[in-house]
Every structure is written in C-alpha cells, then in structure tokens.
Amino acid sequence: MIKTVVKGCLVLSLVLGGASCANESTKATESVAMDDKQASLDNLAYVNPFIGTGGHGHTFPGAVVPFGMVQLSPDNPSKGWDWTSGYHYSDNQLLGFSHTHLSGTGVGDMLDILVMPFRGDYQKRRDNELKRVVSTYSHDQESASPGYYSVVLPEENVSVELTATERTGVHKYQFSGNESAKVLIDLGYAQNYDKAVATFMRVVDNQTLVGYRVSTGWSDYQPTYFVAKFNRPFTHQYYLEGEPFFGSAAIKGDTINRPKTEVVLDFGDLSNEPLITKVGLSYTSIKGAEKNLAAEVQDFDFDRVKQAAEKLWATQLNKFKVTDPNVETKTKFYTALYHSFLAPQTFNDVDGQYFGADGATHNSQDFKRYTLFSLWDTFRALHPLLTISDGRRIDDMVESLLAFYDETGLLPTWDLMSNDTDVMIGYHAVPVIVDAYFKGLTDADPERIFAAVKASAMQNQFGVDYFREYGYIPSELEVEAVSKTLEYAFDDAAIAALAKDLGKDEEFEYFSKRAQAYKKLFDKNHGLMRGKDKNGNWVKDFRPTFVDHRNTDYTEANAWQYTWFVPHDVQGLIELFGGEKPFVEKLDTLFSMSSEMEGSVVSPDISGLIGQYAHGNEPVHHVPYMYSYANQKHKGEQRIIEIRDTMYRNHVDGLAGNDDLGQMSAWYVFSAIGFYPMNPFSGEYVFGTPEFQQVDIQLENGKTFSVKQQGNRSVDNPYVKQIKLNGKVTSLRSLSHKDLLAGGELIFEF
C-alpha cells in the first residue's frame, strides 16, 4: 500500500505572528490561513460549553482552543465524583481558575496552576472549613463560548474573562472599588485528585513569576512548569502550608518540607484599570514555558487572543455545515463537535521538546506529540471522526502512540500526560493505528507498527497471558474476564487484518484464530456471553443483570450489555444466535426489558438506560446499528432517533453519562449525520438515519461530501426507504471511507 499524509497542526502562534514550532510543516500555516468563509463565526453561536457540566457529563466550560495544551477553566470545591472536571453546574462556590482540565472523564486529575483574584487579608479569607479563598457567584453572571469564559465575582468586586492559545492561558480581571487588588497563585491545589509532591516559585521581577508543580494522582508522575507575566507591577508574599514564608526570592516545597506553596500578589489600587496576566505552560521546563509564552502571546492584547481563538474554532467547526431550521438540534450537534475536538491534546513545546513516558525529555522533530488518549472510549467513534475532520493530525497521533511504545515497550492503554493509567481494558491503541494505516493517514514504518501492536497482544499482564493459554480468560483467574476476552478478540482482529496486508501469513492465522475467541463464551441456553472457569465449565450462579462495579466478569456493565461486543464479526454473532430472527428478538429484548439491575454496588457508569441498553457508557454504542446486519434497519433507526432525542439535550444535564474525552459526543456527531463506524478499523460507516436536512462535510482534500434528506419525513413516515450515493441506489449497508473522501452526495429518501 502507498501511504501519503500531509502533516500539520493549528498553532495559534501562527495566527498571532509568533514563531512556529520547528517540527510543524508549512501545511500548518496553510490550514490556519482562513478565507472569509472559513473564518465565519456563525457556528460558534450554536456551541453551548455548559452542556454536560451538570449531571454525570463531567465537562468543563472554560477557555481552550482545538486540541490545546491549556484548558483554562473555573474550579469549584470538590463534592464528589461529579466534580472530576473541576466544575459542576450545581455549585456556586469558586476557588479560582486552573489551567489544565479533563473533559468528561470518570476519574479526576489535572487542575494545575490555580489563579484566584480576591480582596482582603489572605489568611483571614482562608479561615474556613476548606482553608482556601472561596467566593460565591451566580450563573446569571457567567457565560462561555468557544475560546472564552467570563464570570463576575461580586464578593471580590471583579469581573473575570479568560481566553487561551494552544499553550497559554490569558486572564483579564476588571477590579472595581478602591480596595487593594490581589491575585493568589496556589500550587498546592487539587489535593483531592492530584497531590502535589514538589512545588517551586520564584519572582523574576515585579511583573513576572515562574515555577513548577510536580504531582501524583491518576498520573503517577506529572511535572507542570509555568511562566506568568502581568501587565501591572506587584508586590508579593509567599506562603508555605498556609503560613507566611519570608527571607527568599523563591519558595520551594516537597514531601519532606511540606509541598503546598502559594503566593499572594498585591497590585494595589488599579483605579479600574484591567489586570491582564498570561500564563505559559510546559511539561519539560520553565525555559520551555518561557519559549511557549514568547511564541504564542507577545503582548497583553486580550481581545486579539480571544479573536484568534474564535477563528481557530470557526475553522474547526466549519468543516461541518448544517442546513436545518432547528436551533436546538444544531446546538447539540456543534457542541458535540466542540467536545470532540478537545482531545487528544498538544503535549510538546514549540521547539518540539516533550516529557516522555520513560520520564526523560525528548524532542519530536518529525511529529507533534499528543497525550490524553482515553482509548477504551475513543477508539469507537472519536478517532474515526478525526480521520474525517483532521486527517493531517492523524500521523502525529500515531507517532505519539508509537513513541510511547518506543519509550516503554508497550502501546498505552490510557495515556495521561505520558503516564499509562492502565485504568481500562483492551489494547485499543491497536485499532486506532490500524485504522490510520488502512486509510493512508500515517507514514510510520509498517514493520514498526506491527511490532508495536503485536507487543501489546503478547504482554503477560491484564489476563493477556491467560487469553493466550486458554483461548479465553478464565473467570477465577482474572477479574472482568468476559469483557477482556471480547475486547482482546476485537483488537486481535485488527492485528490480523494488518498482518494479512503485510503478507505475514503465520501471524494472520494466529491472530485470526484469537479474534474468534468470543465464540467460546457464548452460552446458547441464555443467548448471552457468560464466563467460564479454566476447565471450560460455565460459571455458576449466573445473573445476567448483576452489577458490581469492575468486580465481576464484565467491565462497567453486565452480561446483557457486553454480549454484543463483537463489532468485527457481527455475522458470526448472528450465527451463534441461530440466525437473524432470534438475533433480532434478543436485540428487541435488550431495549424493551426492565432497566432494573441486581447487585449491591451498581456502577454509576451504567446510565442512559433503555431497557438494559446503557448509552451512558461505551460498550453498547454500536448496538443500534446491528439491526442493519439482520435486515431490520428500521428498528435500529427507531432506537437511534430515541437515543438522539432523549440522551442528548441542550441542557447542563444534557449528556446521558461521562463524555469521556469526546466519545459520547462523537457518537452523536456520526449518528446525526447518518452513519456510524460499527467496526472502527474497517473504514466502513454503517448507515443509520440523518438528523438534519443537509450536512456538508468540507474535506481536507478540498472536496465536499453532502448528506441530505429527501421525501416527506414525518411521525407517520419516519424510516429511510432507500439510500442513493451519487445518484445511484445502493444496496450496501455502509459507506466506505474511500467513497466519502471522493466527495459527492449521499441521499436518504423517506
């Protein structure tokens, strides 16, 4: 196969006229050079960053650019699991604005470099239960849009505006009144999620502060360096563990001498003059943060940075043009796109330096290093979506995953700031890389790719060794045995496809056999996937709706929800059921049965229930599209419409579950357009039913692919009668990536 790729990235420094990073090609400049059509900001009005900030969505409303290193957002005092993004809409207390956030994850981390404008005596202000400066606010005085956030803090007499570049956060504080204006920078913050183990700050001059924060949490070791520059001079007072610290131009904390350090900057009476601060980040060094800041924000022009951020978002969102009068559905769609373009995030400095998975500093001269690969979630729809919207980024993402392999010997399972959290199952970097290979979106050496994917499949942990030995994972030897067997089988199908393409016949036969492992766990008497012991006997006391969070044979699910995870061989699964009729009957039962589950510890991830179908978690996302494989496509359409209407709303509690770095949103994007990647490495998108009158996808090759509705769609006539591709009726159940990239027109006739 001949692989071609044009590397590039959207770098805000290019918009602002600063220096670009050494490893980014001239195509990056071309992609940022926006004509009037690309730069139209109209679609930004349909983005509501507050969707998912309530309920279990775990999103944040702050300022960020597409795939940016910085996510500058407000932080509330944590009150539990639903505050993992640092913010929950039910709250009205504020601790400040930190520069890094996770969007939609089920575990908390990040929240680095907290900045809080305040008034009064610091030690008196922190004399409360939380031992922090706390300010109340109202959602009536809060707003957010792509690249921008604002809020009024009445107790501090300050209005706050935030914006961002790729590696820099920019704050604008408008103080009123005569009381001294102060700013707290707290490096001990986020102890609940991400414990500081070493901190350092140094005042360089009366307008510049530098420092670092090393922390441990979900990521075992995370260094974050910063440089903060202000447009007004300040005096300062350090604090160590809340007590004044004197006698030095710098302050340092560690696990021996107490790690929590803060500094209070006093700007005196600003006489209503705005205070601007720009904070550059790096994960390699203070010098790296200085370079990033110098390259991306040369002055203190807040509005110019905000406008540049908006243009980047306009360019990104305008790749999809929706023609439809329904404002609510357009808001759901463009917000879902927005959430789909937050991660993976930029991880290298402008000069290519990055913090590697081996703990060393590396230089990515030939690629842009990304991190935040929530692969158990995002391999399903987010990464296939990015192959359509951001093909030029894909090679860099593949190289980032392969660099992780070079540095550790394995591809990552869940890459968080170059740490593998190992929090979920499967080796799902494999289908992401294989998909990129078959779509011609990576220049990586195929032999290096195969070595990496094979290494993950041959490791001796997480039950993979048992999988090799028994052909499935025995339940008494490994927790989540059924789920792991099914997901390893899927990943192995991707490896087999790659082996076949590379002419590796022996490996093709081996991994093809492993890809059929799902058949060994199908209990025909129950019509469900069920665990076996090492002697091949079914586990006893089988309760198909039983849930105990990650302590059973199933991962964040039960037997009803995991039975369908065979996206690489749906026809084979149908045959296990005994044909299309019993297969469809079982699917119907999944959606129509009671939603009640057994178990003393019901997983909070199992949400968005329709029967036992749980859209709030990822393992079932492909299931409605399975009806197409049994000639009952209209039943799948019915469920797709129901899920779109009930599980996605223009509301703070508008997501059925954690957004999981964009996977929940990517499902909606695909399903609103009218198709979905059943098997994410196959390059095929199974037809569903479109939400809009028309969607035009502006492809990176300059072509346009249009998806349209025709006919009199109504409550009485809701289902697709036939589908035409470029004027010809198609009998296929799916659209190929190749046909999509060729441009043209897909018409759903009702």
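Accessible areas here come from the Shrake-Rupley method with a 1.4 Å probe. On that basis, the accessible surface of this protein comes to about 25,100 Å², of which carbon and sulfur atoms account for 47%. The model is a predicted one. Its secondary structure consists of 21 helices and 40 strands.

**Overall dimensions**
- The radius of gyration of the protein is 26 Å, which agrees with the value near 27 Å that a compact globule would have, because the rule is applied to 750 residues.
- The C-alpha trace spans about 80 × 55 × 50 Å along the principal axes of the protein.

**Burial and contacts**
- Buried residues make up 64% of the 750 in the protein.
- Among contacts between residues at least 6 apart in sequence, 69% join residues that are at least 24 apart.

- In soluble globular proteins, nonpolar side chains tend to be buried together.
- The largest nonpolar core of the protein holds 205 residues, and those that touch the most other members are Ile185, Phe333, Leu411, Phe583, Phe675 and Phe705.
- Helix α14, covering residues 481-501, supplies the largest share of this core, with twelve residues.
- Another core, of 17 residues, lies apart from the largest one and includes Tyr148, Phe200, Val210 and Phe302.

- The protein carries 70 positive and 99 negative charges.
- The mean position of the positive charges and that of the negative charges are 3 Å apart.

Conventions:
Residues numbered from 1 in each chain as written. Heavy atoms only, no water. Helix = DSSP H or I, 4+ residues; strand = E, 2+ residues; numbered from the N terminus. Rg over C-alpha atoms; globule rule 2.2 N^0.38 Å. Buried < 20%, exposed > 50% of the residue type's maximum accessible area, 1.4 Å probe, protein only. Contact = heavy atoms within 4.5 Å. Lys, Arg positive; Asp, Glu negative; His and termini not counted. Charge placed at Lys NZ, Arg CZ, Asp CG, Glu CD. Core = buried A, V, L, I, M, F, W, Y, C linked by side-chain atoms within 4.5 Å.
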